[in-house]
Amino acid sequence: MNSAFDREKQQEDLDSRLVVAFEKMAEVFRVLLWDQAKVHGLSPIQMQILIFLKNHEPALGRPAILASELNVTKPTISDALKSLVEKGLIASKQNPNDSRSRLLSLKSKGASLTAKIESFSHPLQEQLSKLGSTEKSIVLERMLTLIDGLAAADVISPQRMCYNCSHYKGDRHHDHHCLLLEKRLSKETLRIDCPEHSLVS
C-alpha cells in the first residue's frame, strides 16, 4: 500500500486525501490542547485525565482504565497522575473493591481548573455549529463506523459506543435501536461515550 502522504497519489486517491484530512484534524486537537495546557502549566495528557475524571462515573477513575481510554501506556499514565497528585488537583486512594488498584477523583482545586480547561474545544465547536443538522448527523454516523473499525483492528481500545454495545440492535446504516432505552435511535442521537454501555462479549 502506497503512502497516503504522497501528494501525487492524493490527487488520484480519495482515501489518501481523507487520511491527510484526518491528520489535519488531529493537529487541531494537538494545537488546542497545547495552547490551553501551557496556560495552566499542564501537559495535554494531564488535561485529558482531568476532563475524563470530571465527566465519568467514579468507578472509571482507575489508572488502568485511564490508560486504555486515552490509548497510552500505563507508565505514561502513572507519570501524569503522580504530577497531578503533587499539584493537588486529584486525590488517589486505595480501591475498596480491589487492593491492587487505586481510585482517582478530582479535588476541589482540580474541579475548578477542569471547568476552565474544558473550553479548549470551543473553536472546533464553533465551526461545527455552522454545519446543518443533516450534515452533522451523517458525519457522526461515518465517524462512529471508522472508530468502531479501528477498535476492531486493535488500533485503539474499544469505545463506549452504540455499535459495540450489547443493547444495540440495528444494521449500522439506516436502522438503529437501543434495547435498554426501548426506542429507535436517529443518526444524530447515536452515542460515542455512553454511561449505560455494555460491551458485546
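His56 is placed in the loop between helix H3 and helix H4 (63-69). The structure described here is a predicted model. With a relative accessibility of 16%, His56 counts as buried, because buried means under 20% relative accessible area.

Which residues does His56 touch, if those up to four places away in sequence are not counted? They are Arg160 and Asp193. With Asp193, the side chain of His56 forms a polar contact of 2.6 Å. A polar atom of the His56 side chain also lies 2.8 Å from the backbone oxygen of Phe52. Ser186, by comparison, is 130 residues from His56 in sequence, and the two C-alpha atoms are 24 Å apart in space.

### The helices H2 and H3

Helix H3 covers residues 44-55, and helix H2 covers residues 14-40. Their axes come within 9 Å of each other and cross at roughly 90 degrees. An angle of 65 to 115 degrees counts as roughly perpendicular, and H2 and H3 are therefore described as roughly perpendicular to each other. On the side of H2, the contact is made by Leu33, Trp34, Gln36 and Ala37. On the side of H3, Pro44, Met47 and Gln48 take part.

### The strands

Strands of a sheet pair through backbone hydrogen bonds, in either a parallel or an antiparallel manner. In this model, strand S1 (residues 90-95) and strand S2 (residues 98-106) run antiparallel and are joined by six bridges. S1 and S2 form a hairpin, with two residues between them. As an example of the pairing, the bridge partner of Gln94 is Arg102 in S2.

An open sheet of three strands is also present, with the order S3-S4-S5 and antiparallel pairing. Its edge strands are S3 (168-170) and S5 (183-184), each of which pairs on one side only. Strand S4 (residues 176-178) is joined to S5 by two bridges, and these strands run antiparallel. Within this part of the sheet, His177 stands opposite Arg184 of S5.

### Two residues with positive phi

Most residues other than glycine have a negative phi. Asp154 is not a glycine, yet it has a positive phi of about 65 degrees. Glu182, which is not a glycine either, has a positive phi of about 55 degrees.

Where are these two residues placed, and are they buried or exposed? Asp154 is in the loop between helix H8 (133-152) and S3. Glu182 is in the loop between S4 and S5. Exposed means over 50% relative accessible area. Asp154, at 68% relative accessibility, therefore counts as exposed. Glu182 is likewise exposed, because its relative accessible area is 67%.

The table sets out the values for these two residues.

| Residue | Phi | Relative accessible area |
|---|---|---|
| Asp154 | about 65 degrees | 68% |
| Glu182 | about 55 degrees | 67% |

Note on methods: Residues numbered from 1 in each chain as written. Predicted model: local features only at pLDDT ≥ 70, side-chain atom pairs only at ≥ 80, totals over all residues. Heavy atoms only, no water. Pairing = 2+ DSSP bridges. Helix = DSSP H or I, 4+ residues; strand = E, 2+ residues; numbered from the N terminus. Axes fitted to C-alpha atoms, helices over the stretch in contact; angles between N-to-C directions. Parallel < 35°, antiparallel > 145°, perpendicular 65-115°, else oblique. Contact = heavy atoms within 4.5 Å. Buried < 20%, exposed > 50% of the residue type's maximum accessible area, 1.4 Å probe, protein only. Polar contact = N/O pair within 3.5 Å; in protein donor to acceptor, adjacent residues only side chain to side chain.
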